[in-house]
Amino acid sequence: MEHVRHRRYIGMILYTLVMLAILLVRLLPLAPGSIGWPGPDLMLCVTLAWVLRRPEQVPVLLIGAVFFIEDILMLRPLGLWTALVILATEAARHREHRWRELPFMVEWLRVAILIALIVLANRFVLALFFVDMPSLGQVILQMLATILTYPLVVVVTRWTLGLRRADYIEADIMRQR
């Protein structure tokens with residue numbers, strides 16, 4: 001049992017470090033003045049991949065704290081994107097045990113639907129309160145880039161971090177805690 005708790009804390013620390021590294025890269029002025037194609041939301045991809053593989057390592061408060069810090073640093077409306085990401089990750093977390101046995105293509109489709117729903121909900125709330133928004137084309141391109149990047153993120157996290165789905169025995173041990 002101590003080993004399970006130790007792995008959980010290691011996973012939480014690793015998740016936090018990966019999120020902070022992604023956020024740091026986003027804040028760096030790598031190409032000042034140039035406006036290109038919108039890139040994928042890697043923080044969202046990594047979070048969804050982590051929740052669907054090791055949900056015990058990313059508690060909801062940790063996800064909320066990481067994305068709230070992102071809201072502050074990216075000068076977005078405070079808490080909106082955080083709340084939407086929490087809703088999406090909790091929906092995925094509660095269905096994780098049913099998704100475990102399905103092929104990856106089904107997981108990818110469901111993650112794509114979750115990403116599309118939170119992007120559309122974010123856009124709707126921003127429009128409802130007349131908040132300045134990026135153009136719809138830019139938002140759709142970023143959403144598509146995020147959806148298309150998800151499988152790559154899953155492969156990279158598997159190879160570099162050893163992030164894999166829990167088998168049934170590990171999942172039972174986690175549920176008993």
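Start with α2 and α3, which pack at an angle of about 175° with their axes 12 Å apart. Axes here are lines fitted to C-alpha atoms, for helices over the stretch in contact, and angles run from 0 to 180 degrees between N-to-C directions. The two helices are therefore roughly antiparallel to each other; the cut-offs are under 35 degrees for roughly parallel, over 145 for roughly antiparallel, 65 to 115 for roughly perpendicular, and oblique for the rest. On the α2 side M43, L44, T47 and V51 make the contacts, and they meet I63, V66, F67 and E70 in α3. Contact means heavy atoms within 4.5 Å. Helices are DSSP runs of H or I with at least four residues, numbered from the N terminus.

A word on the source: this is a predicted model, where local features need pLDDT of at least 70 and side-chain atom pairs count only at pLDDT 80 or more, while totals for chains, interfaces and linings use all residues. Residues are numbered from 1 along each chain as its sequence is written, and side-chain values use heavy atoms, with hydrogens and water left out.

Now α2 against α4. Their packing angle is about 30° and their axes are 8 Å apart. That makes α2 roughly parallel to α4. The crossing is right-handed, meaning that the near helix is turned clockwise from the far one by less than a right angle. From α2, L44, T47, L48, V51 and L52 meet W81, V85, T89, A92, R93, E96 and W99 in α4.

Next, α4 itself. This helix covers residues 80-99, 20 residues, and reaches 27 Å from its first C-alpha to its last, close to the 28 Å expected at 1.5 Å a residue. The expected span is 1.5 Å times one less than the number of residues. There is also a kink of about 35° centred on R93; the bend is the angle between axes fitted to the seven residues ending there and the seven starting there.

Which residues of α4 are buried? Among them are L80, L84, A88, R93 and W99. Buried means under 20% relative accessible area, with a 1.4 Å probe and protein chains only. The cover over the buried residues of α4 includes α2 (42-53), α3 (60-73) and α5 (104-128).

Last, α1, residues 2-27. Its end C-alpha atoms are 38 Å apart, which agrees with the 38 Å that its 26 residues should span at 1.5 Å a residue. Its buried residues include G11, Y15 and M19. V4, also in α1, is buried with a relative accessible area of 14%.

Technical notes. Buried < 20%, exposed > 50% of the residue type's maximum accessible area, 1.4 Å probe, protein only.
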